[in-house]
Amino acid sequence: MKQLLFFLCFSFFYSFSQKNTSNYFDAQVLRGNIYKHRNDIAHLISGHPDGFLLSYNWKTLGKKEWHQAYNYPDYGISYQYIDFKNHYLGVNHAIGGHYNFYFFNRQLIFRVSQGIGITSSPYDKVNNNKNNAFGSKLMDNTYFLVQYKKENILENLGVQAGFLLTHFSNGRIKAPNSGINTFALTLGLNYGGPEKQKIKADSLPTPASYAEHIKYNIAFRTGISEGPVPHLGQRQFYHFGVYADKRIGRKSALQFGADLFFSRYLQDYIRYVSVAFPEGHESYAKSNTDYRRIGLFVGHELIINKLAIETQFGYYVYKPFDYEIDGYQRLVFKYYFNKTLFTGLGIKTHNVRAEAIEASIGVRL
């Protein structure tokens, strides 16, 4: 049935794409393994996940400055289907937006995608209490794709093959949330117009034209999160960040700053731990232990156009409650309304353990 759906979708893409030669479709099958990033998900690994990936891509033609700066990337939307071959996990669907970046004479693709996923079998206290990976039906999906791509091998038909890493997690909006990371090999076909992409001569401004003084940022991040124990309750969190950034070229800016975390779900978890564990246990806490945390971080901002990708690596300098490791990370997809005001959506983690999906708004002065 899955193979039939795959080829029906590809046939539709094939016929439709003849109407627009600047865009193209690709359809791929995938098969791989779940990465055991925690011992408590071992029971969820019982086979080789497989599925398919369908994508529609728009080519950039050099009409905007960022097209040339990034070697004429593609952008598009994709649909992902994956069967985990496990009774507790079921199947996942995801839809998201992506960029394709090209290297080595445009034969190597690196794709990054951010989207929304849905699982067929979320955690349920009665009917599916073994699924400690997906605590909610709706989730975040991020995937990375590295592929060799060859267009127009047979008229307008080409091939592509490579390696996929896809991550599903609800960002601890609701517990449990161990998340699932899947590595897979991919093989597929692409179909586009017969015309080759016209690469214009480099007319980018000089690097010196992007020079700026140090800028100062204030960011407010919020959302809903739950402690690591199911049914403790969802709580609003408030994260405040102040940082300086220095642009070092067309594509990059470096950051240094501080975060203040008011993660209210920790109040519930501290009370739970103070009752559930005896004194002397490594997780022991008094019920009035301060739940607030302060961190210092360094970061990098990859500037594409109005969209930017922000990565930050932080360390807690104030953390009275012994919870998680002392380092944290943040990945943010950021959008600038203008030179001053920005918004974003990101995920805060402790290594591969997600703590929160953060919706943010901020100013750059």
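**Figure 1. The loop that holds Pro-176.** Pro-176 is part of the loop that runs between strand S7 (157–169) and strand S8 (180–192). The structure shown here and in the other views is a predicted model. The peptide bond that leads from Ala-175 to Pro-176 is cis, and its omega is near -5 degrees. Most peptide bonds are trans, and most residues other than glycine have a negative phi.

**Figure 2. Two loop residues with a positive phi.** Phe-104 sits in the loop between strand S4 (91–103) and S5. Phe-104 is not a glycine, yet its phi is positive, at about 50 degrees. Phe-104 counts as exposed because its relative accessibility is 66%. His-231 belongs to the loop between S9 and S10. The phi of His-231 is also positive, near 75 degrees, and His-231 is a residue other than glycine. With a relative accessibility of 54%, His-231 counts as exposed.

Figure 3. Arg-111 is located in strand S5 (residues 108–119). Is Arg-111 buried or exposed? Its relative accessibility is 1%, so Arg-111 counts as buried. The side chain of Arg-111 makes a polar contact of 3.2 Å with the side chain of Asp-26. Another polar contact, of 2.7 Å, joins the side chain of Arg-111 to that of Asn-100. Leaving aside residues up to four places away in sequence, the residues that Arg-111 touches include Leu-53, Ser-55, His-98, Tyr-143 and Phe-144.

Figure 4. The whole structure contains 27 aromatic pairs. One of the pairs is formed by Phe-220 and Tyr-238; this pair is stacked, with 6.4 Å centre to centre and 20 degrees between the planes. Phe-220 is in strand S9 (residues 215–226) and Tyr-238 is in strand S10 (residues 234–247), so the pair ties together parts that are 18 residues apart in sequence. Phe-220 is partly exposed, at 30% relative accessibility. Tyr-238 is partly exposed as well, with a relative accessible area of 32%.

**Figure 5. An aromatic cluster, and a lysine over two rings.** Tyr-265, Tyr-269, Tyr-272, Phe-321 and Tyr-323 together make one aromatic cluster. Lys-348 lies over the face of Phe-261, 4.5 Å from the ring centre. The charged end of Lys-348 also sits over the ring of Tyr-328, at 5.1 Å from the centre of that ring.

Figure 6. Side chains of opposite charge can pair when their charged atoms come close. Lys-59 and Glu-151 form a salt bridge in which the closest N and O atoms are 3.8 Å apart. Lys-59 is in strand S2 (residues 50–59) and Glu-151 is in strand S6 (residues 138–154), so this pair ties together parts that are 92 residues apart in sequence. Lys-59 is buried, because its relative accessible area is 13%, whereas Glu-151 is partly exposed at 32%.

**Figure 7. Other salt bridges.** How many salt bridges does the structure hold? There are 23 salt bridges. Among them is the one between Arg-38 and Asp-40, with the closest N and O atoms 2.7 Å apart. Arg-38 is partly exposed, with 22% relative accessibility, and Asp-40 is partly exposed, with a relative accessible area of 33%. Arg-292 and Asp-290 also meet in a salt bridge through their side chains, at 3.0 Å from N to O. Arg-292 counts as partly exposed at 37% relative accessibility, while Asp-290 counts as buried at 18%. A network of salt bridges links Arg-31, Asp-50, Asp-83 and Lys-85.

Technical notes:
Residues are numbered from 1 along each chain as its sequence is written. This is a predicted model: local features need pLDDT of at least 70, side-chain atom pairs count only at pLDDT 80 or more; totals for chains, interfaces and linings use all residues. Side-chain values use heavy atoms; hydrogens and water are left out. Helices (H or I, at least four residues) and strands (E, at least two) are DSSP runs, numbered from the N terminus. Buried means under 20% relative accessible area, exposed over 50%, partly exposed in between (1.4 Å probe, protein chains only). A polar contact is a pair of N or O atoms within 3.5 Å; within protein, one must be able to donate a hydrogen and the other to accept it, and residues adjacent in sequence count only if both atoms are side-chain atoms. Contact means heavy atoms within 4.5 Å. Rings of Phe, Tyr and Trp (its six-membered ring) pair if their centres lie within 6.5 Å; planes under 30 degrees apart count as stacked, over 60 as edge-to-face and the rest as tilted. A charge sits over a ring if NZ of Lys or CZ of Arg is within 6 Å of the ring centre and within 35 degrees of the ring normal. A salt bridge is a side-chain nitrogen of Lys or Arg within 4 Å of a carboxyl oxygen of Asp or Glu.
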